[in-house]
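Here are my notes on this one, as numbered points. Have a look at the model first, then read on.

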Amino acid sequence: MAKNKMKTHKATSKVCKVRPGGTIKIGVSKANHNTGKQTSASKRNKRKGGTLSSSDYKRLKDVLGK
């Protein structure tokens, strides 16, 4: 009989992108709407995104199905 497997959390997998090296790219919060009150510099910096820290990766690797 097959071992039970944990399903991938689809909302998290749509937000995170796993790079070939194994690091995970994730977007910056508050970058999609209500941006009129933000400065141009902060909006520009949020376009770049960021990487998931190693401690967050340990917490989310089961959810991401890795």
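1. Surface first. The protein exposes about 5800 Å², and carbon and sulfur atoms supply 51% of it. These areas come from the Shrake-Rupley method with a 1.4 Å probe, and for residues only the protein chains shown count as cover.

2. Some ground rules. This is a predicted model, so to speak with care: local features need pLDDT of at least 70, side-chain atom pairs count only at pLDDT 80 or more, and totals for chains, interfaces and linings use all residues. Residues are numbered from 1 along each chain as its sequence is written, and side-chain values use heavy atoms, with hydrogens and water left out.3. Overall layout. You'll find three helices and three strands, in the order α-β-β-α-β-α along the sequence. Helices here are DSSP runs of H or I with at least four residues, strands are runs of E with at least two, and both are numbered from the N terminus. The radius of gyration is 15 Å, well over the 11 Å that the globule rule gives for 66 residues, so the protein is more spread out than a compact globule. That radius is taken over C-alpha atoms, and the rule is 2.2 Å times the number of residues to the power 0.38. Along its principal axes, the C-alpha trace spans about 55 × 25 × 20 Å.

3. Burial and contacts. Of the 66 residues, 11% count as buried. Buried is under 20% relative accessible area, exposed is over 50%, and partly exposed is in between (1.4 Å probe, protein chains only). Among contacts between residues at least 6 apart in sequence, 48% join residues at least 24 apart; a contact means heavy atoms within 4.5 Å.

4. Gln 38 is worth a click. This residue lies in the loop between β2 (24-26) and α2 (40-47). Is Gln 38 buried or exposed? Gln 38 is buried, at 19% relative accessible area. Leaving aside neighbours within four places in sequence, Gln 38 is in contact with Lys 30, Lys 43 and Lys 46.

5. Lys 30 sits in the loop between β2 and α2 and has a positive phi of about 60° although it is not a glycine. Lys 30 is exposed, with a relative accessible area of 65%. Asn 34 has its place in the loop between β2 and α2 as well; phi of Asn 34 is near 60°, a positive value in a residue other than glycine. At 55% relative accessibility, Asn 34 counts as exposed.

6. The salt bridge. How many are there by this rule? The count comes to one, where the rule asks for a side-chain nitrogen of Lys or Arg within 4 Å of a carboxyl oxygen of Asp or Glu. The partners are Arg 59 and Asp 56, whose side chains meet at 3.0 Å, N to O. Being three residues apart in helix α3 (residues 54-60), they are separated by about one helical turn. Arg 59 is exposed at 55% relative accessible area, whereas Asp 56 is partly exposed at 26%.

7. Last stop, Thr 51. This residue is in strand β3 (residues 50-51). The C-alpha atoms of Thr 51 and Thr 23 are separated by 7.0 Å, with the two residues 28 apart along the chain. Setting aside neighbours within four places in sequence, Thr 51 is in contact with Arg 19, Ile 24, Lys 25 and Ile 26.
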